[in-house]
Protein chains: 2
Amino acid sequence: MNIGEVAKKSNLPAKTIRYYEDIGLITPLRDTNGYRSFRESDMHKLAFLGRSRALGFTIEDCRNLLALWDDQDRASADVRAIAKEHLEQIERKIADLQAIRDTLSHLVQTCAGDGRPDCPILAKLEKLPT
Amino acid sequence: MNIGEVAKKSNLPAKTIRYYEDIGLITPLRDTNGYRSFRESDMHKLAFLGRSRALGFTIEDCRNLLALWDDQDRASADVRAIAKEHLEQIERKIADLQAIRDTLSHLVQTCAGDGRPDCPILAKLEKLPT
DNA sequence: CTTGACCCTCCAGCTACTGGAAGCCCTATC
DNA sequence: GATAGGGCTTCCAGTAGCTGGAGGGTCAAG
């Protein structure tokens, strides 16, 4: 399979696939003309990567998950640890964003949003309550 | 005021303050020795920037907010539009993260996390439901 | 006069790609 | 056989918002 076909099937841009090769996540073969030649196993890895990335795992997490995936003797505890850490990060991020949203939403509600210069949003950014 | 003092007061790293000057958000004066000399107005802007950034506004948003802040004839509608757009982005991001969190939290719960290789997290990343 | 804490500039690197230039390869058509 | 198109290649640069470090000037205290 050439990169174009793989890109379509995996739903990843060709550029991204090349990048994943660059950083050593996959190692497709090469045809005599220099074109990348993807095996089923490469396709499989790319699909795995696509889903891991969609769940927000970092590239380094993906690298580790992929290694565990390849390792038939892995301990599921190792996988779970990565996922749990990631989950906790996401929960922290959600909490941060919710706090921001609450502040922002309040500010947007209290701003008249008309032609006058008077604006509680700017006032808040200027004066700091928190 | 030198940059160290300003950094302490504004709670921004000196590096960040220099960067903000680089990209034209502030323009402190210079002493004869080449040191940056910050006025109250620079301090004020930095505090404004710190709070805007803490609310997740992009640098470009900050630049625009700062311009509106400086403009006594602004329309509060312009400020509100920026804040509202940003709020909507944050709400989208929260929704995305919540979906990820739900998936991930389910996976973490169903994984035994012991010494055996059997792992529903890897299974999910491999097989794709969604 | 030296020490240590400041300050300066410039360059590189971080994440995870993405865009674009320059050029080879392959197939189809005239 | 020439040409046009599409796909493939590499390499370089840029994105956002800093951050770290090298190499060096400045200032106040002892």
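In chain A, α1 and α2, and in chain B, α2 and α4 (59-70), each supply at least two residues of the surface near DNA strand D, where helices (H or I, at least four residues) and strands (E, at least two) are DSSP runs numbered from the N terminus, and where a residue is near a molecule or strand if its C-beta atom, placed from the backbone, lies within 6 Å of it. The model is predicted, with local features requiring pLDDT of at least 70 and side-chain atom pairs counting only at pLDDT 80 or more, while totals for chains, interfaces and linings use all residues. Residues are numbered from 1 along each chain as its sequence is written, and chains are lettered from A and ligands numbered from 1 in the order in which they are written.

The largest share of the surface near DNA strand D, three residues, is contributed by α2(B). By class, the surface near DNA strand D is made up of six nonpolar, six polar and five charged residues, with Ala, Val, Leu, Ile, Met, Phe, Trp, Tyr, Cys and Pro counted as nonpolar, Asp, Glu, Lys and Arg as charged, and the others, Gly among them, as polar.

For DNA strand C, α2 (14-22) and α4 (59-70) of chain A and α1 (3-10) and α2 (14-22) of chain B each provide at least two residues of the nearby surface, and α2(A) gives the largest share, with three residues. A:T58, A:I59, B:N2, B:G4 and B:R36 come nearest among the 17 residues around DNA strand C, and the surface there divides into six nonpolar, six polar and five charged residues.

The two protein chains were compared by least-squares superposition on the C-alpha atoms of residues with pLDDT of at least 70 in both. Chain B can be laid on chain A with an RMSD of 0.1 Å by a turn of 180° and a shift of 0.0 Å along the axis, and the two copies are thus related as by a two-fold rotation axis. The same surface serves both copies, in that 100% of the contact residues of chain B recur in chain A, residues being in contact if their C-beta atoms, placed from the backbone, lie within 7 Å. Within chain B, the residue that comes closest to the rotation axis is B:I94, at 3.0 Å (C-alpha).

The contact takes 48 residues from chain A and 48 residues from chain B. On the side of chain B that touches chain A, at least two residues are supplied by each of α3, α4, α5 (76-110) and α6 (120-127), and α5(B) gives the most, with 21 residues. The residues on this side of chain B comprise 26 nonpolar, ten polar and twelve charged.

In α3(B), the buried residues are B:D42, B:K45, B:L46, B:F48, B:L49 and B:S52, a residue being buried if 20 or more other C-beta atoms lie within 10 Å of its own, exposed if 12 or fewer, and partly exposed in between, with C-beta atoms placed from the backbone. Seen down the axis of α3(B), these buried residues fall within an arc of 160°, so they line one face of the helix, the arc being that of the directions from the helix axis to the C-beta atoms. What covers them includes α6 (120-127) of chain A together with α1, α2 and α4 of chain B. B:A47, also found in helix α3 (residues 40-54) of chain B, counts as partly exposed, with 19 C-beta neighbours inside 10 Å. Just after α3(B), B:G56 takes a positive phi of about 85°.

The twelve residues of α4(B) reach 16 Å from the first C-alpha to the last, close to the 16 Å expected at 1.5 Å a residue, the expected span being 1.5 Å times one less than the number of residues in the helix. Buried in α4(B) are B:C62, B:L65 and B:W69, which fall within an arc of 65° seen down the helix axis, so they line one face of the helix. These buried residues pack against α6 of chain A together with α3 and α5 of chain B, whereas the face turned away from the buried side carries the exposed residues B:E60, B:A67 and B:D70.

Methods
Contact = placed C-beta atoms within 7 Å.
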